[in-house]
Amino acid sequence: MANRPQYNYLDIGIAGEDLVAQWLQSKGWRILHRRWRYRRGEIDIIAQYDGEGAWEENCFPTPPHPYTLTPLLTFVEVKTRSPESWDAGGRSAITPQKQTKLWRTALMFLAKYPDKAEYSCRFDVACVCCQEISKELSIVEISQQYLASSLLEGYQFVLEEYIPGAFDCQTN
């Protein structure tokens, strides 16, 4: 019996992004871009909410105004970590420098797609936990407290936290 290859760092990140993108779509969001790059910046997921589908408490920091017809655009930073990560599940990695980099990349996105420039925008953070499933465990119980989960090639991915409007950016 051959040992299965270990997931590499990039694959785990992509699998975490896949989980978040699927979850957003299930909440009525439309995924516009994945891993959008411009010069020295990248945004993991760019999603748009047009007000279709059920409004959910965890998708908006406050309910959308009923008379607002402008879609909401979100720039999502996904952090996929192991359960014992040193950086609080990725939360500590969203430094002021990282926020500025995301903000500048978002500005480049809006410059490239001027039809989106008038949309309401925000920056969200998704924290995904990735854990290898041991051979002894054939079924992994998922606690109801998690937003979403998936199993992939011997790994369990759990969307532990989705933080809408996680930060406001200012130029430094």
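**Note on a predicted fold**

1. T80 has a relative accessibility of 11% and counts as buried (buried means under 20% relative accessible area, exposed over 50% and partly exposed in between, with a 1.4 Å probe and protein chains only). The residue is found in strand 3, residues 72–81. Leaving aside residues up to four places away in sequence, T80 touches I12, G13, G16, V128, C130 and F157 (contact means heavy atoms within 4.5 Å).

2. On the basis of the note: the model is predicted, with local features needing pLDDT of at least 70 and side-chain atom pairs counting only at pLDDT 80 or more, while totals for chains, interfaces and linings use all residues. Residues are numbered from 1 along each chain as its sequence is written, and side-chain values use heavy atoms, with hydrogens and water left out.

3. The protein has two helices and six strands, in the order α-β-β-β-α-β-β-β from the N terminus on (helices, H or I of at least four residues, and strands, E of at least two, are DSSP runs numbered from the N terminus). Of its 172 residues, 41% count as buried. Among contacts between residues at least 6 apart in sequence, 68% join residues at least 24 apart. The protein exposes about 10,500 Å², of which carbon and sulfur atoms supply 51% (accessible areas come from the Shrake-Rupley method with a 1.4 Å probe; for residues, only the protein chains shown count as cover).

4. How many bridges pair strand 1 and strand 2? The two are joined by seven bridges in the antiparallel sense (strands pair if DSSP finds at least two bridges between them). Two residues separate the strands in their hairpin, where R39 takes a positive phi near 50°. Strand 2, residues 41–49, is mostly covered, with nine of its nine residues buried. Strand 2 also pairs with strand 3, again antiparallel, over five bridges.

5. Strand 4 (residues 120–132) and strand 6 (residues 155–163) run antiparallel and are joined by eight bridges, while strand 5 (residues 148–152) pairs with strand 6 in the antiparallel sense over five bridges. Y155 of strand 6 stands opposite E132 and is the bridge partner of L152. Strand 5 and strand 6 form a hairpin with two residues between them, and E153 in the turn has a positive phi of about 45°.

6. The salt bridges deserve a separate look. The whole structure holds nine of them (a side-chain nitrogen of Lys or Arg within 4 Å of a carboxyl oxygen of Asp or Glu). In one, the side chains of R34 and D18 meet at 2.7 Å, N to O. R34 lies in strand 1 and D18 in helix 1 (residues 9–26), so this pair ties together parts that are 16 residues apart in sequence. In another, R30 and D50 meet at 3.6 Å, N to O. Here R30 is in strand 1 and D50 in the loop between strand 2 and strand 3, so parts 20 residues apart in sequence are tied together. R30 is partly exposed at 42% relative accessibility, as is D50 at 36%. E42 forms a salt bridge with R35, the closest N and O atoms being 3.6 Å apart. E17, D18, R34, R35, R37 and E42 are linked in a network of salt bridges.

7. Eight aromatic pairs are present. F109 and Y113 make one of them, tilted, at 4.8 Å centre to centre with 35° between the planes (rings of Phe, Tyr and Trp, the last by its six-membered ring, pair if their centres lie within 6.5 Å; planes under 30 degrees apart count as stacked, over 60 as edge-to-face and the rest as tilted). F109 is buried at a relative accessible area of 0%, whereas Y113 is partly exposed at 24%.

8. Y38, in strand 1 (residues 30–38), is partly exposed at 30% relative accessibility. Together with L107 and M108, Y38 forms a nonpolar surface patch of about 220 Å² accessible area (patches take residues with over 30% relative accessible area and no salt bridge, joining like charges within 9 Å and nonpolar side chains, Val, Leu, Ile, Met, Phe, Trp and Tyr, within 5 Å). L107 sits in helix 2, residues 96–112, and is partly exposed at 36%. L107 and A117 are ten residues apart in sequence and 8.9 Å apart in space, C-alpha to C-alpha.
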